[in-house]
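Dear colleague,

My notes on what was found follow after it.

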Amino acid sequence: MMDSICHPKEQTPLQAPSSSATRRPPGPPRGIPGRHLFAFRRDPLCYLQQMASTYGDIVHLPFGRRPVFFFNHPDFIREILVTRHRSFGKGQWSQLGRLVLGDGLLTSEGALHARGRRLLKAAFDRAYLAGYAQSMVNEAARWAEQWPHGSEMDMAQEMARLTLLIAGNAFLGVDLRSDLDAIQQALEDLLSLFDPLLPPLIELAPWLSLPSPRRLHQAQAQLNAVVERTVQSHRQNSACKDLLSLLIAGQAKGECTLDEDAVCSHALTILLAGHETMASALTWTWWLLSQHPRVEARLQAELDAVLDGYLPGPDALPYLRYTRMVLAEALRLYPPIWLIAREAVEDVVIGGYGVPAGATVLVSQWVMHRDPRYYPVPDAFQPVRWKSGGPDVRPQYAYFPFGGGPRACIGAPFAWTEGVLLLATIAQRRRFRMMSDQAVVPDPRVTLRPRGGLAMRVEERARGRRPREG
Ligand code: HEM
């Protein structure tokens with residue numbers, strides 16, 4: 001059962017009055033100081049949806065001293081993330097992030113970011129993806145087997161464990177199994193620093209209860225120890241074929257000028273970014289499938305027809321079309337990254353309105369992906385929306401689960417591969433049902449998670465034939 005979600009009213013058409021560069025876009029009156037910031041903090045998804053449906057494509061949010069603009073049209077999203085990306089930086093959020101993650105890809109800016117991006121890109125090339133695929137499938141199959149019919153689990157927790165194991169293997173070439181719980185807790189502690197600091201709330205930082213520095217230091221020390229240990233062992237073993245080994249090999253050949261700290265920052269960032277988002281995406285997908293048995297049956301029919309009982313490999317990916325559509329639709333309805341913020345580094349005009357240097361700019365996947373202008377019956381889970389071959393009337397940035405432009409998700413090809421292969425491997429063997437009529441409420445933290453986890457019961461898939469290993 002899904003808790004009620006705000007339903008936007010009919011949208012106003014795209015408005016971009018050319019003469020308004022010096023005026024503020026529409027938005028709610030300021031009212032009692034802090035009222036809007038606190039309304040946002042209480043329920044950001046609902047708040048942003050209401051703002052978009054009431055005020056249209058560009059909204060001025062009266063959050064505090066610093067102007068905040070919320071853009072809600074695919075053309076403006078493209079301008080902010082792609083065509084005018086130079087006018088925007090990551091601002092205070094990345095300064096804070098750097099304290100925790102160092103100068104990894106998520107938090108670095110400018111030339112440092114561009115260099116890191118070039119270095120890491122090679123690791124996500126197709127050839128490497130194929131190499132990662134087999135270990136993903138083996139891990140997922142092992143995971144599914146450990147849950148017999150009738151067992152009960154927290155799906156959110158389990159997906160976090162599974163994707164962390166896979167990320168450790170693919171990116172660091174290390175088996176994290178023996179200290180999985182401790183590492184997961186440490187990553188969770190690091191992420192919790194960002195939770196109260198959703199970008200527009202950064203002004204409130206002095207008044208919010210932040211995690212204790214001691215807990216953060218402990219988490220950092222624990223993760224750094226794992227990463228540093230792994231870097232050392234990679235230096236002694238040049239046969240490794242993972243992301244970390246590419247960074248180290250480049251360093252050894254003098255191709256890359258990363259120092260030891262930078263290598264560790266990149267490795268930690270990828271571990272964090274690469275498992276947390278995937279865990280969210282898969283958790284929501286299992287929940288959606290449990291609520292839509294017809295979609296689930298069609299998915300299983302595709303798996304039986306394409307795989308014929310064998311485990312999937314990378315060569316099956318082009319044929320698992322419906323599986324990919326299921327994932328695409330889950331990413332639409334429950335985008336793991338539901339909000340992107342930028343800070344204007346210079347005065348810029350977007351949609352006819354002047355955005356002054358220092359202003360915060362927000363775009364939201366959650367709001368855009370549920371916009372009835374682009375998605376008929378937007379709250380419905382309909383994977384067939386993504387059937388290719390029909391006329392694609394949707395503008396590109398009406399769907400942007402992986403962001404866009406030079407800061408788009410570098411792991412997107414990995415995520416599609418992992419998502420489809422994990423879904424296929426697990427759905428071949430198991431299905432999941434909610435344990436109760438528990439209301440499932442999205443909890444918009446750094447990523448979108450079900451509040452309080454997702455208690456599910458495992459069912460062995462009833463079908464004619466058990467999957468064969470292959
Ligand atoms: C379903 C899974 C995923 C989703 C929805 C997702 C989403 C995103 C989004 C929206 C951004 C852009 C943030 C911004 O513009 O501020 C991003 C950036 C990033 N993602 Fe992902 N991601 C996913 C999986 C992954 C994976 C598997 C990895 C690692 C292998 C990864 C690593 C990164 C990194 C390093 C960045 C920063 C890129 C940069 O700033 O240059 N992500 N991700």
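**A buried histidine**

His369 counts as buried, because its relative accessibility is 0%, where the cut-off for buried is under 20%. Please keep in mind throughout that this is a predicted model. His369 sits in the loop that runs between helix H14 (365-368) and helix H15 (412-429). If residues up to four places away in sequence are not counted, His369 touches Leu331, Arg332 and Pro335, and also Tyr375, Ala398, Tyr399, Phe400 and Pro401.

**The iron and the ligand**

Which protein atom is the donor to the iron atom of the ligand? The single donor from the protein is the SG atom of Cys409, at 2.3 Å from the iron. Around the ligand as a whole there are 29 residues, of which His113, Arg117, Arg342, Arg407 and Cys409 are the closest.

- Arg342 places a polar side-chain atom 2.7 Å from an oxygen atom of the ligand.
- Arg407 likewise has a polar side-chain atom 3.0 Å from an oxygen atom of the ligand.
- Leu105 contributes through its backbone, with an N or O atom 3.3 Å from an oxygen atom of the ligand.

**The sheet**

Strand E5 (residues 340-344) and strand E8 (residues 360-363) are paired in the antiparallel sense, over four bridges. Both belong to an open sheet of five strands with mixed pairing, whose order is E1-E2-E8-E5-E3. Strand E1 (58-61) and strand E3 (88-89) stand at the edges and have a single partner strand each, so one side of each is left without a neighbour in the sheet.

**The nonpolar core**

The largest nonpolar core has 140 residues, and those that touch the most other members are Leu61, Phe71, Trp143 and Trp286. Helix H11 (residues 260-291) supplies the largest share of this core, namely 16 residues. For Trp143, once its neighbours within four places in sequence are left aside, the contacts are Met153, Met155, Glu158, Met159 and Leu162, together with Ile426 and Phe432.

With best wishes

How values were computed. Residues numbered from 1 in each chain as written. Predicted model: local features only at pLDDT ≥ 70, side-chain atom pairs only at ≥ 80, totals over all residues. Heavy atoms only, no water. Helix = DSSP H or I, 4+ residues; strand = E, 2+ residues; numbered from the N terminus. Buried < 20%, exposed > 50% of the residue type's maximum accessible area, 1.4 Å probe, protein only. Contact = heavy atoms within 4.5 Å. Donors = N, O, S within 2.8 Å, 3.2 Å for Na, K, Ca; no water. Core = buried A, V, L, I, M, F, W, Y, C linked by side-chain atoms within 4.5 Å. Pairing = 2+ DSSP bridges. Near = heavy atom within 4 Å. Polar contact = N/O pair within 3.5 Å; in protein donor to acceptor, adjacent residues only side chain to side chain.
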